[in-house]
Amino acid sequence: MERTEDLIELCLFMGKIMQQNGAETYRVEDTMTRIAESFGRKESQSYVTPTGIMFTISPGAHAKLVRVSARETNLEKVNLANDVSRKIASGDMSIHAAYKELRHIETSPTDYTMLVQIISATLASGFFTIMFRGSWHDFLPACVAGGLGFIALINFLRLFEIKFVAEFVASLLIGFTAFSLFSFGIGEEVDKIVVGSIMPLVPGLLITNAVRDLMAGHLISGLAKGAEAFLTAFAIGPVSLLCLHYFRDREG
């Protein structure tokens, strides 16, 4: 493979890793362009969407496409990929060394263990409830509901290919658990418990990236990520509506 082809493959691989793990679209394009400039290619062009990346070394050269089929949030891998980009820009890393390092980043188990994720989601649910002015009597039921909901989400993602179905079912389980605990006298404000428990499911990073992409002029990527965030919010929204209906009946 020629050096030009090596450089194209490196830029596409870098972009794919960053896009798969939650980087903003404009950051992906900027990183790919900077890598190309580091090797003297100042006319490179890239086109990045949430599901695919196109890249060419120069306007008259051929372009290559790589498909981005799976996306998750792993900012550690984004940071590691940025470190590789900086080493390339400073001249401390060759194309082949960078590609080898990126391959290691892609396959390395940098995710937190499942137990750590569950514990984090459990505690986050309780503290979100306190942040939304719930009482400490609501802390424990929020932890239970949020932890069970997150466990359900992980397992349903393995069963359903559609992410939003898993989020919808997990949110229903959170609501059922919160109302069940409340009916047994555990907790004081069920609305605060539910809101705190569903917070680990809220696509905060996705919404942030959508807004930042729109502000940077990447309209297609911004709208696509915004639509994905809206569908996730729509999947977990029925729980909030259930709470509202419950309290309207209670006040009536």
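The following exercises, each with a worked solution, concern one predicted protein model.

In this predicted model, local features need pLDDT of at least 70, side-chain atom pairs count only at pLDDT 80 or more, and totals for chains, interfaces and linings use all residues. Residues are numbered from 1 along each chain as its sequence is written, and side-chain values use heavy atoms, with hydrogens and water left out.

**Exercise 1. The chain as a whole**

State how many helices and strands the protein chain has, and in which pattern they follow.

Solution. Helices (H or I, at least four residues) and strands (E, at least two) are taken as DSSP runs, numbered from the N terminus. On this basis the protein chain has 10 helices and 3 strands. Read along the sequence, their pattern is α-α-β-β-β-α-α-α-α-α-α-α-α. The C-alpha trace spans about 70 × 35 × 30 Å along its principal axes.

**Exercise 2. Two helices in contact**

Determine how helix α1 and helix α4 pack.

Solution. Axes are lines fitted to C-alpha atoms, for helices over the stretch in contact, and angles run from 0 to 180 degrees between N-to-C directions. Helix α1 (residues 3-20) and helix α4 (residues 95-107) pack at an angle of about 25°, and their axes are 10 Å apart. Therefore α1 is roughly parallel to α4, since angles under 35 degrees count as roughly parallel, over 145 as roughly antiparallel, 65 to 115 as roughly perpendicular and the rest as oblique.

Next, consider the residues in contact (heavy atoms within 4.5 Å). From α1, the residues R3, D6, L7, E9, L10, F13, M14 and I17 meet I95, H96, A98, Y99, L102, R103, I105 and E106 of α4. The residues of this contact divide into 10 nonpolar, 1 polar and 5 charged. Here Ala, Val, Leu, Ile, Met, Phe, Trp, Tyr, Cys and Pro count as nonpolar, Asp, Glu, Lys and Arg as charged, and the others, Gly among them, as polar.

**Exercise 3. Burial and separation**

Solution. Buried means under 20% relative accessible area, exposed over 50%, and partly exposed in between (1.4 Å probe, protein chains only). Of the 252 residues of the protein chain, 43% count as buried.

Finally, L80 and F55 lie 25 residues apart in sequence and 22 Å apart in space, C-alpha to C-alpha.
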